[in-house]
Amino acid sequence: MKSIIIYESTHHGNTKKLVDAIVGKHQVEAVSIENADSIDLSAHEMIGLAAGIAFGKFYKRMEKFAESISSGSRVFLLYTCGNPSDGYVKSITRTLASNGVRVVGSYGCKGYDTYGPFKLVGGIAKGHPTEEELIGAAAFYDKISGGDR
């Protein structure tokens with residue numbers, strides 16, 4: 001299965017660690033959102049969107065990018081945040097579904113967070129993502145891809 005992950009990992013590289021864990025175990029292409037406009041997504045059977053969370057949603061740039069994904073595409077979501085919640089995928093999932101895109105699953109975990117007031121206390125979720133969480137990301141991809149390597 002030809003897959004690609006478009007990622008945006010800005011503050012501490014937490015989300016990129018999830019992407020790297022998947023790329024290290026599977027034949028998946030990874031492209032930073034800065035270079036995503038030059039990619040032909042139709043050449044891929046599955047597309048991953050990976051980003052941190054800000055104000056309860058995927059980063060704005062990733063939310064906007066999701067609007068450009070063609071109907072009929074299969075997408076999976078990856079995210080890191082200071083305090084995980086399944087609710088963080090609602091907005092981007094609605095956007096994708098309204099365009100006829102099928103979301104096949106999501107994986108999220110804690111990520112070291114020093115945004116805003118968290119900086120005053122030295123951040124939250126220190127040491128995340130953990131090795132166990134990185135293994136979990138690769139296992140998640142294995143499950144949704146049918147074990148394709």
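At roughly what angle do the axes of helix α1 and helix α4 cross? What you're looking at is a predicted model.

Okay, back to the helices. Helix α1 covers residues 14–25, helix α4 covers residues 131–145, and their axes cross at roughly 55 degrees. The two axes come within 8 Å. If you're new to this, two packed helices are described by the angle between their axes and the distance between the axes. With an angle like ours, α1 is oblique to α4. And the crossing of α1 past α4 is right-handed.

So who's doing the touching? On the α1 side, we've got K17, L18, A21, I22 and K25. On the α4 side, the contact residues are E133, L134, A137, A138 and Y141. Sort the contact of α1 with α4 by class and you get seven nonpolar residues, three charged ones and no polar ones.

Let's zoom out to the whole chain. There are four helices and six strands. Walk along the sequence and the pattern goes β-α-β-β-β-α-β-α-β-α. The chain has 149 residues, and 46% of them are buried. Now look at contacts with a separation of 6 or more: 75% of those come from residues 24 or more positions apart.

Find Y59 in the loop between β4, residues 57–58, and α2, residues 60–66. Leaving aside residues up to four places away in sequence, Y59 touches E8, T10, H11, A51, G52, I53 and A54. Take E8 from that list. Y59 and E8 sit 51 residues apart in sequence, but C-alpha to C-alpha they are 7.8 Å apart in space.

Now slide back to F55, in the loop between β3, residues 46–54, and β4. F55 counts as exposed, because its relative accessibility is 74% and exposed means over 50%. There's a backbone detail here too. Most residues other than glycine have a negative phi. The phi of F55, though, is positive, near 55 degrees, and F55 isn't a glycine.

Key
Residues numbered from 1 in each chain as written. Predicted model: local features only at pLDDT ≥ 70, side-chain atom pairs only at ≥ 80, totals over all residues. Heavy atoms only, no water. Axes fitted to C-alpha atoms, helices over the stretch in contact; angles between N-to-C directions. Helix = DSSP H or I, 4+ residues; strand = E, 2+ residues; numbered from the N terminus. Parallel < 35°, antiparallel > 145°, perpendicular 65-115°, else oblique. Left-handed = near helix turned anticlockwise from the far one by under 90°. Contact = heavy atoms within 4.5 Å. Nonpolar A, V, L, I, M, F, W, Y, C, P; charged D, E, K, R; others polar. Buried < 20%, exposed > 50% of the residue type's maximum accessible area, 1.4 Å probe, protein only.
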